[in-house]
Structures are given as C-alpha cells and as structure tokens.
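Biologist: I'm new to this one. Can you put it up and walk me through it?

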Amino acid sequence: MARTAIVFGASGALGRAVAASLARDGARVGLTYCRGEAVARELCATLDGAVARRLDLTVTADIPRVIDELAAELGSVDAFVHCAALFSTTGGPVFDPLAAVDEAGFDRLLAVNVRSAFFAVQHLAGVMKGGNVVLVASIDSVKSVPAPVPYAAAGGALVAMARALAKDLGPRNLRVNVVASGVLDGGLSTALPARLRAEYLKHCGLRRVGKREEVADLIAWLALQNTYVTGQTVVADGCL
Amino acid sequence: MGLLTGKRVLVTGGSRGLGRAICKAVATEGARAVAFTSLHGGGVESTQDIEAAGAEARAYQVSTTDAAATAQLVALLEKEWGGIDVLVNNAGVSQTLPLALIDEADFDHVMSVNVKGVFLTSKAVLRGMMRRKSGVILNIGSLLGLRAIDAPVHYAASKAAVHGLTLAMAKEVARHNIRVLCLAPGLLEDGMGKNVPEHRLKDFLEHCALGRAGTFEEVARFAAFLVSDRSAYTTGETILMDGGL
Amino acid sequence: MNERTTQGLCGTCKRLVDVRVITRDGAVYFAKSCPEHGPEEHLVASSAEWFEDALSFEAPMEPPRGEVKPVTRGCPFDCGPCTEHKQKVFMPVIPITSACNLDCPICYTVNKNEGAHMLSRESFAAVLAHLTRHAGGDDLDIINFTGGEPTLHPELPELLRMARAAGYRRLTVSTNGLKLANEDYVEVLAAVDARIVLSLDTFDDEVDRRMLGATTLKTKLRALDLLQKHDVTTTILPAVAAGLNDKDVGPLLELVLSRPNICSLEMHTLTFTGQGGVGFSRSARITTPDLHRLVDEATGGRIAWRDFVPSPLAHSHCYSICYLLVLDGGGYVPYTRFMSRARLFELLGDSIYIEPREKVQEAMREAIDDLWADPDRAGLAPGQAEAILATLKRLLGELFPPGGAVSLDARRRVAERASKAIYIHSHMDEETFDVERIKRCNIGVPEADGSNIPTCAYNVLYREKDQRFADGEMLERMAATRPVGRRLPLVTG
C-alpha cells in the first residue's frame, strides 16, 4: 500500500494533525513549513521517517524544487496533501470585511491557497506514479455560509480544480479530491467571530465543532487508502 | 486494532455483490458480529467471508418492505447482541426500462424497495440507537440519482430520494449522536450496471477519468471507513464514488 | 447540617424577628421570639423532604424594573419595591375595588363596602403606562384583576379592554362568580377575552357556609355552566383549610379535568391575614405537601408529589406546580413522566404559566424522541407512551395542518387547551412570613406612581393602612380579637 506522502503546510494546526494521521497509517511524511519551524522540527522528531523543508508558497519557482528534494528523501511520492491556507488577506487571524480587501492581499491569499496547489500538482503529475491528491478547504467553498470572500473564493477554486484535475490525471491513475471541513477546534477556525461560531453551533447537527483529528483521519484515508473516489469534495461538518 | 473493532453491524441485501463485499470489509475491520438480510435467502459466501475474518455471522431472509419482519429482526438483534451499532442500507433493485414501459406497479416496486425499505429499516434500528445515543447509518445511493445519465427514471428517482432522506434523517438524529451518510457508487463491475448495453459501457469508460468501473471491494473499503469512529464528523452528506465520471 | 435561619415577623406586633427553621418529626416549623410578645412556633411545611427538595431548584432572578426605593427601615418595611427586592414583577395584581358582595370568613384581604374604592380609568391608565414602560419590550404575559370583588366594578369590561390594548395577553379576573350566573354578563366578559379565576372551595353546603359565610355553590355551578357554554378559559381557585375542605381536593380536581374550558386548579393554602386572620383557628393551617398528599390520594398515585416543581420565578416555597398532558381517549399524564423535573422547571422560567413558545416546542420534540426510543421507562403505565405519542401526533396535526396555516392565536389556543395545570400557591401571613420569600416575590400591586408592593407584604402589612381598602370598623375588630379566631367555631375531624 501507499507509503509516502508530502504535506504542504504541515506546521499549521490542521496540517500537523494530518501528518500525525498519515504517520499512524504507516506513511513517511515529507512536510513543508513557512514560519512554523519549531513545529516542523517536532514533527520530524516524533513521526517515524518524517522530513521537512521550508517553503514559501508564494514563490512558485521553489515549489518543484522542494517537492523534488522531499521526494528524493522519501524515495517516492504516493500522496500529496495541500493543507496550507491564509484565512485573511492581511495575514492575521481576522475575518476580512469586504471593503478591507486590497489587491495585494487578494493576490497573496489566492497565491498561497490556490496557485501553490496548482503548481504543486502540475509538478507532481510527473513525479507520482498513481496515488492520491487531497486539497483542503472549508465548507464555505460549497455551502452557503458567511465567510470572508477571498477565502471562500479560493476554496471554490480548489473544488473546481479538483474536478478538472481528476479528469486530466485520471488516466495516470491519479485521484484528486477536496476535503471541506466545518469549524474545527483549532487553526483557522479560531479567527471566526464569536457570533458566527455560535450560529454554526446552533445549526450544526452534531452541535459541536469538529476535532482536527477527525478531519485529519478522513484526509489520511483519502490520501492513502482511496482507489476510486476522484473529482469529489467530501464535506465533514457534522451536518450543518 | 481495526476500524470497527467490537461493532455490531446489520447489512441489508448482503448476500451478494456490493452487500457481500461490505459484510466482508466490516468483518475484516474487526466487527464483532455481522448480520445480513436478503430477499431470497442464501448468502453462504457472505457468511463464510464474515466468519473467516473472525466475526459472528447471521443470515436472514427478510424483505426491507416488510415492516413487521424487519422490526422483529431488529428486536431480535437488539436482544441478542445488546444493540446494533451500524446499519448499511444496501438492498436495492433496478429495472432496465425506458419511461414508456414503466407502469405504475414497476414504479411502486422500485420506490418501495429502494426508498420505503430504507426508511422502514432505518426507523426500526434508530429506536435502539436513540436510546443508546450512538450509531451510524450508511445508505447506498447511486450516481444515477445525482446526474443526468441514461438511467431508468424510477430508479433515478428512488436514488435521489435516498439522498434527500439521508440529509433530513441526519439532521434530525444528529442530536442523538447518530450519523447518517450516503455513499453513491458510479458504475461498478458486476453491479447493477451489468445490464448496461455494450456501447453504453464503452462510452462510460471513455468518460470515466480512471477509465474503469469500480470494484465492490474498493467501495466496501470506503464504506467501512465512513461508518467507523474515525469519520466521526461526517454526517448528512452524499459522497460520490465514480472514478471521475 | 447547619440549621437554616431567616427573618420573619412577630405574630402579634409584626416587628422583624429572627427565625430558626427547625425540623421535627419530618415537618418544618418557624421558631421565633419577639422581645415584647415572647416565643412562638408555627408549622410551615408538613414535609421536610418537600421543603428541602423545593430549595434544590435554583434559578436566576431578574431585578425589578422601574423606580426602586432605598432601604431605610429594612425588609419588609420599605416596600415599593426597595433595593433589596430581587425579582421583577411577572404578574401585576390590580385590586380594582374594595367592595365585595360576600363577607367570607376565609378572606385573606379586608373589604370595604361603604364609600367603596373604585379604580378610575385614569388611575388605571397611569398604572398601565408604568407597567408597559418597565416591561421594555418583554412580552406582557398576564395581568390579574381582583378586589374586593372585581365584577362589582361597573367598568371592569373597559378596564379589560384597556389592558388588552396595552398589549397584555392573558387577562384574568379573580371572582366569586356570583355575577357570572347572568348569561349576558358572561357574554360581555367573553367578548373582551377575559379569563375567569373562580373561587370555588367546596361541594359541601355546610362547609360552604363556614368558609364563605353563605351558600354559593349552586350559583357558582350555574356560572361554570355558562362559562363552559361560552368557552371562557377558567381556573378553579379553592382556598384549602385542614379539617374543612381538604376532602374536596379530589372532586375539585375531577371538575377541572372534566371540563374542556377549565385549564387549571389553583389551590391556595389558607392564609391567616385579613378577615381570615381573625376568623379561623390555626389548626386549619394546611401546607403545600399536605395538598400534594391529597392529590396523590385522590388520583391513586397518578399524580405524586414529585410531579410538582417550584416556580423558577419566585422563591421555591411560594408555588408548587404540576402540568398534565390531556390524553386522547381519556386520561392524563403529568409532564414529569416524560420529561425531567429540571426540564419542566426550565419551561416555567419565562412566565408564571407556561406559554407555548419555542422552549416548549423543543421540549415536546425531545419528549417524542425519548418516548419513542424508550417507551418502557419508569413512571409510565403500560401503553401510556403510545398514548402520549398519539396525542402529540394529533396535536401536531392541529397546530400545523397540511395545506393551511393556522393563526398564532389559534395555535396558542390549541396548545393551551392540550394541558391542564395544578398550581399550589401559598401566601404568607405574619406567622409564616419569611423575608427571603418576600424578596423574591414576582407578583404585586402596582400603583399609579410606578411603585409596586409584593402581594404578601401588601396583605400582611400595607393593606390595612390603605384607606382605599381598609375598613375602620373591620380593623378595630381585627385589633380586638388577636390572636385567636372569634367569628366562627371550627369543626375539626
């Protein structure tokens, strides 16, 4: 079975849970970080065979290079998880009001959330010999919920991208899917204003936020065990 | 430690095809006991698969449209197992007929098995699940209920109904910590799509990104994951598994 | 366990004294001592178990709205409310006249017929203005018209109309019902949507005479027939005294259950204030747990003491409340058999009487799932879960009929008529007075100047000073005959 995986944004709150899930399922993980070097070191220390590289996702030219380096250390790439995202165009844990978005911020968010995924998969298509790609987004990419517009737009782009990539890469036995999660117990979800969080809980069937491990397990399954789901966006939101 | 260690599972339509693969997959993941129903009895192979994986196997001849018999079966399992943790509503029928030839009895039959049967079985099992505040129901839907593909109208309607049922049921029982999902396979080898004429099959495969029909085994593997506690935050969703059609 | 203490009043001079709450033989007493009049001890509850159980229910209070008076003499002598008062008014009680056409020995107030006070429309308008201003957007659930005998006020229908126009939903009139034996009058009150709280204490003519000083039963029963004919929502309100009409509790409950327009039984434990204070021996004192016992006996245990909960809106000893779901096909079941006592307590948290709002709908929704999933639970008779579910299903069909929207008012009516309630309300007199209870009082007499005096404080301390209501001669009689009754001998046993 598949045994190596690259995770972009593994130093993030969800990313590290994904790395841990993958490792628990027997995979060696190659992870990238930008500012979370300490987390990356810790993951490398605790997860069997994990390796790390720093990668600024806005620098497109670095993406193939880092992928190749990680692939070389791992020996192969059986799965790729894109788990890095900016929630706000200003970089902080803030819910952007529409009027506050400027062009530079917009471009930067799309670069990290979407463009980097595109160029990563473009390169990996030549590196991976079959396998799974999982792109991570939130429910605002597919459901009607209040969300910062640039962030939701990026998620929607990933959804369509996965569909098109699935068609393109299917003949090469590469499957591409999105996991869209609801509000979680950490990570980007902490930027959600209290009022929206309360509304979510009120309407969420399970009446709780999701645990990062729960979504990470789903991502890990789709990354390592999946053989026929492709082009889909799988939602994990406790029935909103 | 498997994904479903210790779980007690009921699979309708489990004597062959996808149902049989699901029985095997859940047993392989450590289920303690697996019961399955079929319309015509039989299921020796399913029983063997389950027992080979180390689980208790039980086979029953029950139609999902028979509310009384279904309730009886559920009561029996509740009593002897102490409860049912997972229900897989897999039993379903189709009919290869163009609209012009579908008469009322045909319509009623397909809707009855595919929709009412799912409702009746789910309701019977939910009683105990609600009492225990725990459980998972997985409905097997179909691509043919989601997309405009040549499909018998009544079959497509019934599968679309299952998607709607999944959504509403999930919403209602989530408060009791019960999950309800739908897994909608595309074309499966040896599946109901077996009755698709050659040229259609060829056309399908051309448009399928992975270029092949799915296998029962891989669908069953995903089903086993979805009903496990590892997937605890997914509910109310219909997940399509169609190889990129 | 540390002994509870509180503060109360001397039974003779009504000054503030310390109270020790003592338990003896499973019952609870207030033991106190006045520097001038010496020690005294009074029964407050015949069951210590109920006394403690009630206190285990706690709920937050909402401070009074509007003007609040500063403390000068200390509770309960600065009523208005004063800054020590913890709870806002949930039901304003408006005595609209001091006149009464009866002279009941059990009356807990004092009446005055000569130069009787009649609340003017202007004064009432001023009171309403204060009340609506203080409500500040809250629902105006309920307002109570009383007296004396309110049906003696010629403008009662107009006052009811004014209250409705101000936004009050439930308009209740506490009456002896004598004037309601007249169909024309019942029609007038029905037209302004009045709800009648009818004093009915007994089915026994002899007891009727002793308690009310007249035989009123036949007239009241005729009034009840008319109220039923005109579908006027009615509450039966007996004052219950030990050795007198305790035997009527069962038949009174039966009456409430048997008539569709009667929505509740409200039992008042006999209180020794006002005229009642001088008329009756204290051996007639009955307490809340005694009434629980009588209900349990009358229903063969179908309604038990744990089917009652306190009101979260007042001190836990003031109200004891039980709601019953009326079942299709006959019979009833206490809510507490299909929801927890804590849940029922919660449902009573917005208004004195349960309003069919979102919380109730949610509770019923949960009850449906719980009953269906677990029909054999303790507390239900065999087959009862199915009967409850069938009733709830029928109700849903009436509340939300397919193809047609039902108006909010109509929906409320369906919901209200689906249940019956038993309220036990125990007013305090100077012997049982407890300042902890008065501070949490949620009903009271509002004045045109915006002040409000909690009812028990009013009955014990303020009414006799109120020239509009207090009759000089009566007051002299009351002063001359303390502390033991003089007017009528009491039959015991």
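Biologist: Which chains share the most contacts?
Modeller: Chains A and B do, of the two pairs of chains in contact. Contact means heavy atoms within 4.5 Å. This is a predicted model: local features need pLDDT of at least 70, side-chain atom pairs count only at pLDDT 80 or more, and totals for chains, interfaces and linings use all residues. Residues are numbered from 1 along each chain as its sequence is written, chains are lettered from A in the order in which they are written, and side-chain values use heavy atoms, leaving out hydrogens and water.

Biologist: How far apart are the closest C-alpha atoms of chain A and chain C?
Modeller: They lie 13 Å apart, and no contact joins those two chains.

Biologist: And how many residues of chain C are in contact with chain B?
Modeller: Seven, and they meet nine residues of chain B.

Biologist: What area do chain C and chain B bury between them?
Modeller: About 780 Å², 53% of it on carbon and sulfur atoms. Buried area is the accessible area (1.4 Å probe) that two parts lose on being put together, summed over both.

Biologist: Which residues of chain C lose the most area to chain B?
Modeller: Arg365(C), Trp372(C) and Ala373(C), together 68% of what that side buries.

Biologist: Which residue forms a salt bridge with Arg365(C)?
Modeller: Glu172(B), with the closest N and O atoms 2.6 Å apart. A salt bridge is a side-chain nitrogen of Lys or Arg within 4 Å of a carboxyl oxygen of Asp or Glu. The count between chain C and chain B is one.
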